[in-house]
Amino acid sequence: MAGRNIEDEIIELVASGEADTRARLVAVTGLAQSTVSSAVVRLLAEGSLKESDSSVATGGRRARRLEIPTTEGAIGLVELGAHHALCVLADDLRRGIEPESISIDIFDGPETVLDAVIGALEERAVATGAELVALGIAVPAPVGAESGMIVRPARMPGWDGCRIADLVRERFGLLVHVENDARAGAMGERAYRVHSCAPAVFSEYLYIKAGSAIGGAFVHEGSVMVGAQGIAGDLSHVPVPAGASRPCGCGNLGCLATIASAEAIRGDLNAAGFSLASNAELLEAASKGDPEVVTLIRAAGVLVGESAAHLVSFLNPEAVVIGGALSAVDAFTAGVRQALHQGCLPAIMEDLVVDKSRVGRAAALWGLLQPTSSLVTKEFVK
């Protein structure tokens with residue numbers, strides 16, 4: 001909480017469902033009851049919060065539930081991939097409705113891709129009788145911490161320097177929150193676990209997104225670390241000896257993504273005579289127990305685990321949470337776990353939890369939910 005606005009924190013916690021009473025806010029933030037109570041009173045007075053007619057059992061006197069005032073508008077959430085985008089409205093996500101996957105080509109550039117995803121969201125909003133007012137978007141690229149600008153993306157040619165928020169505001173008049181997909185996934189994992197009352201909710205963990213590329217994020221005291229330029233967590237371009245001769249889109253040789261990503265695994269399998277055109281086909285082959293496929297996926301997990309072991313040894317987190325497409329394959333997680341046990345001290349591994357994502361492919365969308373909702377709330381109460 002240090003250095004962050006208390007009122008903003010409270011709005012975010014209530015919007016995400018992580019805390020819905022004063023007592024829960026005290027427990028989550030670690031602040032004094034009087035500090036939380038004063039902030040809540042201010043937010044109630046200005047209309048940023050409201051007290052529900054329903055109450056919550058706390059073990060003693062029942063507490064009034066805190067809520068975010070609703071608007072007539074809909075919030076759209078999007079995660080961009082190379083060839084597909086996941087799109088959903090915030091209310092649908094909370095209700096458990098699966099996100100829609102629409103075909104895109106990231107090489108078509110910002111305007112074409114954004115037109116496609118926003119068009120799909122607007123259609124869904126109209127069908128629910130609402131107007132789209134805000135967009136949360138996760139991208140497979142570094143995002144500047146302050147500027148929200150795409151910073152030299154290796155997998156998004158034509159997007160370098162793009163200020164997505166400015167572009168969307170100018171073309172569609174929407175409020176916009178932009179985030180790196182791995183960082184959004186890291187926070188989404190925590191938000192979903194809180195929402196679903198999962199038994200394990202971590203505050204100090206390393207999140208690995210293993211899909212077409214390899215992304216990562218570190219969450220400290222419940223907040224994701226962004227780094228000085230906003231590009232912390234990029235595991236894709238960590239050099240590994242096993243990939244020393246493989247060229248990478250970033251211009252270097254031997255990056256982790258060139259040998260341990262789903263795209264690299266499919267390339268190796270296709271060179272060996274397989275025909276796997278997508279990650280979905282790769283996962284299907286793994287689910288059928290094809291030995292060559294499963295062996296390569298486990299080997300990729302070992303390589304990712306070896307890279308992560310340095311971070312785990314240095315940071316000593318509570319957990320390593322593995323998301324992305326490859327997290328659906330048990331052999332991949334087993335490979336990561338094996339490498340961590342071999343590369344880290346027993347004292348570190350004794351209590352470390354190595355866990356698969358609980359939310360799966362919607363992790364980044366859950367991670368966008370809280371900051372985008374807060375953006376709308378702040379605009380709504382102006």
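Is Trp-366 buried or exposed? I looked this up first: Trp-366 counts as buried, because its relative accessibility is 5%. My cut-offs are under 20% relative accessible area for buried, over 50% for exposed and partly exposed in between, with a 1.4 Å probe and protein chains only.

**Ground rules.** I am working with a predicted model, where local features need pLDDT of at least 70, side-chain atom pairs count only at pLDDT 80 or more, and totals for chains, interfaces and linings use all residues. I number residues from 1 along each chain as its sequence is written, and side-chain values use heavy atoms, with hydrogens and water left out.

**Aromatic pairs.** I found two aromatic pairs in the structure. In one, the rings of Tyr-192 and Trp-366 have centres 5.4 Å apart and planes at 70°, so I noted the pair as edge-to-face. This pair joins distant parts of the chain, with Tyr-192 in helix H7 (residues 181-195) and Trp-366 in helix H14 (residues 363-380), 174 residues apart. Tyr-192 counts as partly exposed because its relative accessibility is 24%. Next I looked at Phe-202 and Tyr-205, whose pair is tilted, at 6.3 Å centre to centre and 55° between the planes. Both Phe-202 and Tyr-205 are buried. For my own reference: rings of Phe, Tyr and Trp (its six-membered ring) pair if their centres lie within 6.5 Å, and planes under 30 degrees apart count as stacked, over 60 as edge-to-face and the rest as tilted. Helices (H or I, at least four residues) and strands (E, at least two) are DSSP runs, numbered from the N terminus.

**Salt bridges around Asp-92.** The structure holds 20 salt bridges, each a side-chain nitrogen of Lys or Arg within 4 Å of a carboxyl oxygen of Asp or Glu. Which side chains meet that of Asp-92? I noted Arg-95, at 3.0 Å from N to O, and Arg-124, at 2.6 Å from N to O. The link to Arg-124 spans distant parts of the chain: Asp-92 is in helix H4 and Arg-124 in helix H5, 32 residues apart. Arg-95 is in helix H4 (residues 90-95) together with Asp-92, three residues away, about one turn of the helix. Asp-92 is buried because its relative accessible area is 3%. Arg-95, at 59% relative accessibility, counts as exposed, and Arg-124, at 35%, counts as partly exposed.

Asp-91 is partly exposed, with a relative accessible area of 42%. Its C-alpha atom is separated by 7.7 Å from that of Ala-74, 17 residues apart along the chain.

Glu-179 and Arg-183 form a salt bridge, with the closest N and O atoms 2.7 Å apart. Glu-179 is buried at 13% relative accessible area, and Arg-183 is buried at 3%. I then found Glu-189, Arg-193, Asp-355 and Arg-358 linked in a network of salt bridges.

**A charged patch.** Where do Glu-100, Glu-122, Glu-123 and Glu-131 gather? They form a patch of negative charge on the surface. A patch takes residues with over 30% relative accessible area and no salt bridge, and joins like charges within 9 Å or nonpolar side chains (Val, Leu, Ile, Met, Phe, Trp, Tyr) within 5 Å. Glu-123 lies in helix H5 (residues 110-127) and counts as exposed because its relative accessibility is 62%.

Key: Accessible areas come from the Shrake-Rupley method with a 1.4 Å probe; for residues, only the protein chains shown count as cover. Lys and Arg count as positive and Asp and Glu as negative; His and the chain ends are not counted. The place of a charge is taken as NZ of Lys, CZ of Arg, CG of Asp or CD of Glu.
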